[in-house]
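User: I would like to learn how to read the features of a protein structure. Could you take me through one?

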Amino acid sequence: MVAFDGTDDGLAAIKKGTLAATIAQQPKELGKRAVENAAKILKGEKVPATTPVPVKTVTSDNVAEFAG
């Protein structure tokens, strides 16, 4: 089974071996790009209609990068 959002419960389940993977949406990166675009708008600059932020697949191989 694979989940979405990279929640603490999901990360714990990956560590435990009861969940194969989850998708981390990178909220820090989402916020960073939102602030960058807001600053551009305040300067009168144009911003794209969408700003893609890559997601990351979290598995037992890399869960330590995401879980505290």
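Predicted model: local features only at pLDDT ≥ 70, side-chain atom pairs only at ≥ 80, totals over all residues.

Analyst: Residues are numbered from 1 along each chain as its sequence is written, and side-chain values use heavy atoms, with hydrogens and water left out.

User: What is the order of the strands in the sheet?

Analyst: Strands (E, at least two residues) and helices (H or I, at least four) are DSSP runs, numbered from the N terminus. Two strands pair if DSSP finds at least two bridges between them. Here three strands form an open sheet in the order S1-S2-S3, and the pairing is mixed. Strand S1 (2–4) and strand S3 (56–58) are the edge strands, each pairing on one side only.

User: How many bridges join S1 to strand S2?

Analyst: Three bridges join S1 to S2 (residues 21–24), and these two strands run parallel. Phe4 stands opposite Ile23 in S2.

User: Is Thr22 buried or exposed?

Analyst: Buried means under 20% relative accessible area, exposed over 50%, and partly exposed in between (1.4 Å probe, protein chains only). Thr22 is in strand S2, and with 1% relative accessibility it counts as buried.

User: Which residues is Thr22 in contact with?

Analyst: Contact means heavy atoms within 4.5 Å. Leaving aside neighbours within four places in sequence, Thr22 is in contact with residues including Val2, Phe4, Leu11, Ile14 and Val58. The side chain of Thr22 also reaches the backbone oxygen of Ala3, at 3.5 Å.

User: Which residues of helix H1 are buried?

Analyst: In H1 (residues 8–16), the buried residues are Gly10, Leu11, Ala13 and Ile14. Seen down the axis of H1, they fall within an arc of 160°, so they line one face of the helix. The arc is that of the directions from the helix axis to the C-beta atoms. The buried residues of H1 pack against S2 and S3. On the face turned away from the buried side are the exposed residues Asp8, Asp9, Lys15 and Lys16.

User: What follows H1?

Analyst: Gly17 follows H1, and its phi is positive, near 95°.

User: How many residues does helix H2 have, and how far does it reach?

Analyst: The expected span of a helix is 1.5 Å times one less than its number of residues. H2 (residues 27–42) has 16 residues and reaches 22 Å from its first C-alpha to its last, close to the 22 Å expected. Gly44 follows H2, with a positive phi near 85°.

Terms used: Polar contact = N/O pair within 3.5 Å; in protein donor to acceptor, adjacent residues only side chain to side chain.
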